[in-house]
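Here's a quick briefing to read alongside the model. Have the sequence and the 3D view open as you go.

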Amino acid sequence: MLPSLVRIAVRNVTRNRRRSVITFSAIFLALGVMVGIRGFLNGMQATLRESIILGQTGALQIHRKGFMKAVTTSSLDLLVPTDEAFLQKIRGVPGIQAVTARIAFGGMVNANDTSAVAMLSAIDPKNEILVCPRRLDMISSGKTLAEGGSSAAILTPELADSLGVHVGKQATILTNDRDGVMNALDIDYVGVYGQPGLPMPDKKFGFVPLAFAQDLLRIPNMASEIAVRIERFDEAETFKPRLQAAVGPEYEVVTWHDVASFIDDAIAAQNATLNLIGAIFLFVALLGIANTMLMSVLERTREIGTMMSVGVRRRQILSLFLLEAGILGLLGGILGAAAGSAFVFYYGYKGIVLKFPGMLAPLHIYPTVTVGYILFVLGLAAGGAVLSALWPAVRASQMRPVEALAAV
Amino acid sequence: MTSSAPTHASDSQPLVVLRSIVKSYQLGKTLVPALQGVDLELHRGEFTVVMGPSGSGKSTLLNIIGCLDRPSSGSYKFAGEEVSDRDFDKLAGVRNEKIGIIFQSFNLIPVLNVIENVEFPCLMRRRREPMNSLRERVHKLCEDVGLGPYVKHRPDELSGGQRQRVAIARALITQPELVLADEPTANLDSKTSEQIIALMQHLNQQMGVTFLFSTHDPRVMQHAKRVVYIADGKIVDANPVAAASGH
């Protein structure tokens, strides 16, 4: 029974070619756009994640317990050791690729009789690049910390400008040590971090070597955080308990999700936008299917009567029209998803290079899409098509044979 | 044509028994009576014509006998079973298995070719016969009604007479007990009409299929063994023209 109905359904779909092509095109376009945009967004979100994880946070971080909640406390009250024995515990967890220590602190930077309050980050020049290699992308001119020597500093243009210093000049950092005693050390301004106008969390910001900061803050072999690199960022959650077990309960392990939750928020916002756009496209396409099926029912009323006259049951009439809609949705969906996937795979291989004004390094976006998403949108198209045809199909199946046969 | 007459459990019992059949249609606020107390019996093997002027109730009568519509009141027994109170799907089963219907405007399914149109009612059955056996019967029936060379053609590639032959084959493929034909020659030229009438008469005689026509065509009436006259929704005369075949 079903093969016979499928045969009729397929032929009916090709019966009014122009109308079927228009309906089919709407589904094709909707699915193509959905898969294409999904692929592009996946690529962009991966780039965003990478730029934050490989440029700032690392995949996981280890702090002294309570550090994440103690926003009002001085970061110097909650420190982690950076001695080899402690770092070795972390490196000993299978899958850990690199480990680096950091100190975040605030201070006054002086030069040319001018002072500016700045946020400073002390990093281990050698290991930081292994955990966050994208740091280097942000140095717009001058040297890196590794090249600059033990008292090198990299400052944002805003901080350097406010002090009136140029690369090659010296300045002084003045800050309280862990015990609240004032201390000061000279820095050599060797490199520029970022460019004027580039959106940064802190305009007045600078990097100094870890050992320099440990001297300045009088906290030898201590840091405020240890950042860790792993192969796959999406496995960070699985590394969390392993690292926690390795370092012990007096420390807390957090992932990039916890540190940079704004990434997840941004991704969620992008996904919501995509879903809305996709839903609008699909809704319009499905309206087309509903219209096509309604027209089809009106045009074929006599034919429905004929089918009923030879003993076709209501359920079979319903199935026939739903099948026709399903075929339209699935076929348009398959070709649309294939076109969208072709776009994604081509640019996934070739890459899309985006360069915005003020950006130091162009963004390389590699679109990707999962088979699961393609199957999901295909199911949505076919299922939506069947649902949108439900009313016309029910209308067809509820006709009385004698009335259907009398239709002109 | 080499077909044997279908055998039935009780050939002496009338195939169709209508008692006090009333059918009214609601047109706006007006109740329009189409049939007003019709009593009729049809026996197996009859070749009966229903005649009457336009609006007399011929088509309504055929629709009720063909289970395409249900009477407003009265009793309709088909092969001894009351069918007037059956629901749509049960009536669909009766149409599919026991009644073949031939329409004035052929009513073929345009996307199916001749073979597919003819076999279609059998494919819609819950219990289907094997495809090989069905196709064999379809081909034979197509040969019998003179469609041999056209079995792969679609309806729009056939003449009116050929289309009506397809409709006849489709009505017969289910081996029905009754074939209804609603003005089957109205859309055909005189020569083709003669051929179609001759074909149906032949099928009636050879296969013993019971035929009931509605028509205005006097040529059809000439071949009828019994003529039922209907006017204003009532049967005014139902005398046999000649003894019905087999009775």
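This is a predicted model: local features need pLDDT of at least 70, side-chain atom pairs count only at pLDDT 80 or more; totals for chains, interfaces and linings use all residues.

Residues are numbered from 1 along each chain as its sequence is written, chains are lettered from A and ligands numbered from 1 in the order written, and side-chain values use heavy atoms, leaving out hydrogens and water.

**Domains**
- Chain A splits into domain 1 (2-52 + 264-405) and domain 2 (100-228), with bounds from an automatic or database domain assignment.
- Between the C-alpha centres of these two domains of chain A there are 54 Å.

**Nonpolar cores**
- A nonpolar core here is a set of buried Ala, Val, Leu, Ile, Met, Phe, Trp, Tyr and Cys residues joined through side-chain atoms within 4.5 Å, and buried means under 20% relative accessible area with a 1.4 Å probe, protein chains only.
- The largest one has 90 residues, and B:Phe120 and B:Ile168 make the most contacts inside it.
- Helix H12 (residues 314-350) of chain A is its top contributor, giving eight residues; helices (H or I, at least four residues) and strands (E, at least two) are DSSP runs, numbered from the N terminus.
- Another core, of 58 residues, lies apart from that one and includes A:Phe105 and A:Ile187.
- Leaving out residues up to four places away in sequence, B:Phe120 touches A:Ser4, A:Ile8, A:Met307, A:Val310, A:Val312, B:Ile109 and B:Leu112 (contact: heavy atoms within 4.5 Å).

**The cavity**
- On a 1 Å grid over the protein atoms alone, a cavity is a set of points where a 1.4 Å probe fits but cannot get out, a pocket is an open set with protein on both sides within 12 Å along at least five of seven lines, and lining residues have an atom within 4 Å of a point.

- Of its 20 lining residues, A:Val402, A:Leu405, A:Ala406, B:Asn63 and B:Asp182 lie nearest the centre.
- H1(B) supplies the largest share of this lining, four residues.

Definitions and conventions
Buried means under 20% relative accessible area, exposed over 50%, partly exposed in between (1.4 Å probe, protein chains only).
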